[in-house]
Amino acid sequence: MQRIRGMMRDRAAEMLRSGSVSKVLGWEKGEFAYDETPAIFTSADELCSDNELGGLVYDGFSSAMLSKYLINATKKDKEGKAPKALVFLKPCDSYSFAHLLKERKVERENVYAVGVECRGMLDIEKIRLKGAKSIKSVEESGDSVNVSSFTKDYTFPRGEVLLEKCVTCKGLDFKYCDEVIGGGNEINWNRLDRFAGVEMIEEMTPEERFNFWRGELSRCIRCNACRNACPVCSCNKCVFDNTDSGVQSKANADSFEENMFHIIRAFHVAGRCTDCGECSRVCPRNIPLQLLNRKFIKDIDALYGEYQAGEDIEQKSPLTDYQFGDAEPSVIYKRGGGV
Amino acid sequence: MFVCWCGSNIAATVDVEAVTEAVRTEPGVVVATNSQYMCSEGWQSSIRNAVAEHKLTGIVVCACSPRMHEPTFRKAAAAAGMNPYMVEIANIREQCSWIHKDKPEATEKAIILARAAVAKLNLDKPLTAGESPVTKRALVIGGGIAGIQTALDIADAGYEVDIVEKSPTIGGKMAMLDKTFPTLDCSACILTPKMVDAAAAEKISLYTYSEVESVKGFVGNFTVEIRKHARSVNSELCTGCGVCMEKCPSKKTKSEFNQGLSNRSAIYIPFAQAIPNVPVIDREACIKFQTGKCGVCEKVCTAKAVDYEQQDEIVTKQYGAIVAATGFNPIKLDNFDEFAYSQSPDVITSLEFERLCNAAGPTKGHVVRPSDHEEPKTIVFVQCVGSRSTVDCGKTYCSKICCMYTAKHAMLLREKYPGTEVYVFYIDVRTPGKSFDEFYRRAVEEYNVHYVKGMVGKVAPEDGHLRVQASDLIADKQIIIDADLVVLAPAIEPDPSARALGTMLTASMDTNDFFTEAHPKLRPVESPTAGIFLSGVCQGPKDIPDTVAQAGAAASKVIGLLSKDKLIGNPCVAECNEPLCNGCSACELVCPYGAITYEEKPVFDHGVRETRRVASVNEALCQGCGACTVTCPSGAMDLKGFTNLQIMAEVDAICR
Amino acid sequence: MLKLSISKTGELFAELSAARALYLPVEGGGQTTFSRYTPEADVRLDVLNTARSVKDFFLPQTEDIVAFKRAGKKISIIEDRASDEPFAVFGVRACDARSLDVMDRVFLSDPVDTFYKGRRENGVVISLACSEPAETCFCGVFGIDSAEPQGDVVASIVGDTLCWEAKTPAGEKLTETVKDVFSPASAEDEAAAEAQKKTTREIMRQLPLAGLKIDNWGSDELLEKFNSPIWGKLYQGCIGCGTCTYVCPTCQCYDIQDFDTGHGVKRFRCWDSCMYSDFTLMAHGNPRTSQLERFRQRFMHKLVYFPANNDGMFSCVGCGRCVAKCPISMNIAKVIRALEVRTNG
Amino acid sequence: MPVHVDEKKWAADITLSSGANVKKCMKCGKCSGACPNYAEMDIHPHKFVSMINDCDVSALLASKSIWKCLSCFACVERCPRDVKPANIIEAVRTRVLAPQGQNRLTPEGLPKFIKDLGEDAEKIPQQLLASAFRKYSR
Amino acid sequence: MPIDEKGTFRPKIVAFCCNWCSYAGADLAGSSRLNYPADIKIIRVPCSCRVNPLFMLRAFQRGADGVIMCGCHPGDCHYTSGNYFARRRMTLLFGMLDYLGIEKGRTRVEWVSAAEGQKFAGTMNQFAETVKSLGECRRIEDLRCKESVG
């Protein structure tokens, strides 16, 4: 990772110095071992600084996706000129980047996309749940993660403290990148089937499903982190924020609104969701939101043929496409269990 | 708020007074009244008075289906100086009084429906319909008598019209016929002049051997791609001398025109009077195309018209109106084993019989058995082969023309060959039409045709004859006839090209693939899709007089449309709220009319001024389906007259 | 000071919950949050920060204010206040306990928010001293002693013993109802408790955020801070969600909305976040049109405007929830540090 | 035409058990035209259809035709309206057989059953016995 | 729970019908005097593709016990393709509702042509029966909308 970081710094600094790009989207070091923040660097010095705060970093906590920042970062200025930005993209981020290209939220010529090798990102919550308190540092070494705290040191197998979205990683291909730093598209950790969670819920009785989701969604505090982190939820104004939409709501005043917000959000991104897993990652209440989006992905794959948003930006997304012989909605009634 | 009794249609099951009272206190309602017949002129004038007196800005009418009287009430509103789109109708007849028996229940429902209409009206905004120009040219698809007549009539009114015909010549089925009922005049004699007129008319362009490839646009502004199949003969150069056909060594192809009763060459014109008189090369049959060796036609053509390199050509043209005149075919008889059609050459269809009778046909008009070219002595006609049938291989409808042409055939036979015995097996003889029954009676009374009420159960080839076993229901006996020739009257069905065309035109079709008319009685020559008109059998079985009449009617509708300079559009079109638009293109992808385009535009969004890529709706193209509104994730797209808020208000009112 | 063996807390909770609703940290869905006590509840007294703060009980996320009912063309007003049921919250940490002071400043000063006041009067706060602060804690920066929180009753866990000390009349009244489960604490107990406090304070001093300097914040710094170019850099990662606001124990902004129920209108208030683009949206638009301004507003409010209007009281209590929960790990600590480090050096 | 009440019920029973819809008949006579054993019948296939429609059942029950029908289903096959005359004939036939065997045609009862038919016994097509048997032992 | 004087449960059912086929089919059912329960109220939309999943949820929020959408048969859409999009949307939405444990019988899509008055009435009777058997919708409701006050 240190090596990769070095290459990233070199490349980005070179691009900034030569003026090929005017900004670099990367991650910046934080207060702790794990609180990296997405940052926009405009000078090579800033990018390469190793101050207490600052400087481009890349390690197991560079989990925040940068793709969505491109929307603002490449906006035209008053003279109508769009700045060109270099962005570092992990494999899953590159799909989201591609989707933004597809929906014309970002223009390809304004971006220099650099893919960066990913070995799965770490989940500080999981590390805490494993008992680590007052964390001082987190070091990755091979297949293990060494955590030291003010009182004690710990070592965890890497696979056990990966972010949920990485445990179910959809692959390490890069899409629409100008170049790739590092590489290796072999997933070398124990990956779980990304639809296993969905299947588990599908196998429940309707009653159980209902109770499961009530339990999960009732925790929602409507902070909108899922929506705002989502690379696909990039509406200028969300229907839930728009007082004229008829469905505006700021807080879940009723359990209905908890459901409504998440159903509609999932529906609005259905056929567009790149399955990046940011929604689950950012949820402060640990709601497995990805399971909603994946349900749509699974149904779409089964009913209309496999579709991966961000794979091919020329391909029509399933909800803007149709076939004469598409399944009737009654396929749902025929599925096992319940009325 | 106006509640209609519709005589007793509504008032019998809905307490009209109660509805009136219940809605009186709804927000926004200032007047609530009821009357016997809202649609009557008298009441419409009292609506006008109410509008004037109370300065109404909107009207809710609780009455019959909006599909019935919405235009009436809109007109009344407009006459009263209101915006006609500030009218909402609660359907308390078709969807309430007529289906419910319990008066309190029906009344309760009527009140809820009325409230929903009020809720919607409260959010209505005055709408103004857009206008779109009309391209003053019509397209007729199909070059049979229906298409020719339609085109001639349109051209006669001074408008340009194109005919697209998929076969090499115009003329259609009528060109194959011998005589026509009930006057027995020669089909060719009356058709050919029309074909010539069509070819000669300055305003008519013929696209033969061509098919419609795609249709885009909408009433007044269609863009059509026409595929001109490669004839392999240059029409400009060809003199129609016919030497190529004479010399062509490939002469083994069944003649489509003669219903396979004779052969034709690979380079051919379907029949002598074909228009245009330019041959085509059937590339499947052509030795040159199949093996590369031959080229005789090219060599013998002094005009140098033969062109093996010719490619299909796509012509794109604009039209204001399109007429479907795609005609019919007799059904295939493969599944009617009992009549031995595929076993014996002497069992023929009536269209084959037409060719046998025809002086220009394969037998020069001598009616002979195809098997041995002997003159038949006993001829059996079987009616309703596949018509009026509810089993898989048949058609449920009556094919309408068979009774009359069979009478004609029987009569012609008896006239030409007085020595023959002619039997006609019928279920019913249907002769509604001027001089039709008289015609049929002549066959029976003057020509001694044996009409037997009953059906043939079996035809079996036996020693060079055909053993026809049938029932005679009047005599209540089974009869066996030793026939020489059996003529079947197959059901007719729409041309198979109609289905695909229907999809292209977005014109609806019934289960039999006949085009559906906009109204079975009042708008019989229009498709429900604006700008699409119907001519001939593609709409339903009909004979020549009916076809010509309908062709004229379709033409007059087209002329009516083309005579307008502008069309008033549907104001209920999509609308983009630009500050909300994300520029994601989803709406563009689902719009069936290509009505949405994207443009870079300055947008002022709550204090922020930016240049954004936003959707823009072409109101002339938009037909108001609303597909875009649901696809749009941000809710930027909305549909005027059916806005998100309006539909939700209706939902709210209904669920209250 | 009273004491109780840790193994007997069940009895205490049962006793407390008999006469009033008792809320305490309970685990569920992988997180610990204040939930109503039931004998089955998985009570977690070891967990430092609940996912949601104590403000839920005094300023709930949504709260009905008034309703309007329509009958025909008449509208009647219905004041349908949720009854002010007595309740107690157990396990409130020092930071959350202090947050109520901040909230009181806002809601109990003129004009008094009667909804908040009602809940305040009916709620008893039983705080719990910290013994194992996390790296995200920085309450000390705001002068809060996590070892000795404020509250109506202050509890602490020393070894296997739960210590209990009423600090206010309300706390004493509550203690009176449950005094039977306790025994008086001995001098050793007191000593052990004091020793633990010392240790805790020592850990606090060593935490990474302990060194945050807050002295150059406050009312005097307004323009200098406001105009700092550093904001332009800091805000860039902010995705404009409301996580920090909603997990924050002192964020008290709310919106008032109407909900048309079909039978009438319910007017309710609900939390709002200055991070949202539609916060304080008015007919003419939004006074803060960019995320930079919104981002700056939140921190300027906590660290400059609030103290300016409230005798120097910061409206941050250093609980560290935003530090742990921000999707992009931007937080008030980084802001304090960045503006300190960079404006000075 | 006045119809005996029982006949009405019989007609309904026969219609039900045959699965045929006599209302669909358009009286084309193709069934009778197709019938290979027409000559042997006193009442012809098309009349079965119309007589059931008219509830004229007793004549059918007495008809020779029910023993003459070959169950070749030519009429069913040819009928353009999917009326199923042969099924009606079979239903009439079983209507005759049912009361005779009371409730069940068993192998043991077969000799007596044939004997009871007397003269007609020889004329019973083998196929009919088999099909009646099949139906009744179900 | 809405109960009539006979003590039977009266569900609230919203039917979205496209103007060209299903609404006309409903009219035909009316002019053919084919009875179906008064619990069903029809909302006219230009095309089934105008039906936003939001509207369906809205109906449930406002206390509907069942929501049905009718459109032209596939291939017959007045706007060529509207019902195809609607079909995909509704299929996915219903799958999601089922996934959330909402009873499947409460939602339905049926294609009804202008000629199918019989089918319209039959479908409505059937759907009303299913919804009735499921009882009042509890799993996706907004309590605020059910209260008699406010």
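How far apart do the closest C-alpha atoms of chain C and chain D lie?

**View 1. Chains that stay apart.** The closest C-alpha atoms of chain C and chain D lie 52 Å apart, and no contact (heavy atoms within 4.5 Å) joins these chains. Chain A and chain D do not touch either, with 30 Å between their nearest C-alpha atoms. A note before you look further: this is a predicted model, in which local features need pLDDT of at least 70 and side-chain atom pairs count only at pLDDT 80 or more, while totals for chains, interfaces and linings use all residues. Residues are numbered from 1 along each chain as its sequence is written, chains are lettered from A and ligands numbered from 1 in the order in which they are written, and side-chain values use heavy atoms, leaving out hydrogens and water.

**View 2. Chain B on its own.** The C-alpha atoms of chain B fill a box of roughly 90 × 65 × 40 Å along the principal axes.

**View 3. Where chain A meets chain E.** Here 49 residues from chain A and 40 residues from chain E take part in the contact. The size of an interface is often given as the accessible area lost when the parts come together. For chain A and chain E about 4,100 Å² is buried (area lost with a 1.4 Å probe, summed over both), 66% of it on carbon and sulfur atoms.

**View 4. A salt bridge up close.** Five salt bridges (a side-chain nitrogen of Lys or Arg within 4 Å of a carboxyl oxygen of Asp or Glu) cross the interface of chain A and chain E. One pairs R87(E) with E328(A), whose closest N and O atoms are 2.9 Å apart.

Note on methods: Buried area is the accessible area (1.4 Å probe) that two parts lose on being put together, summed over both.
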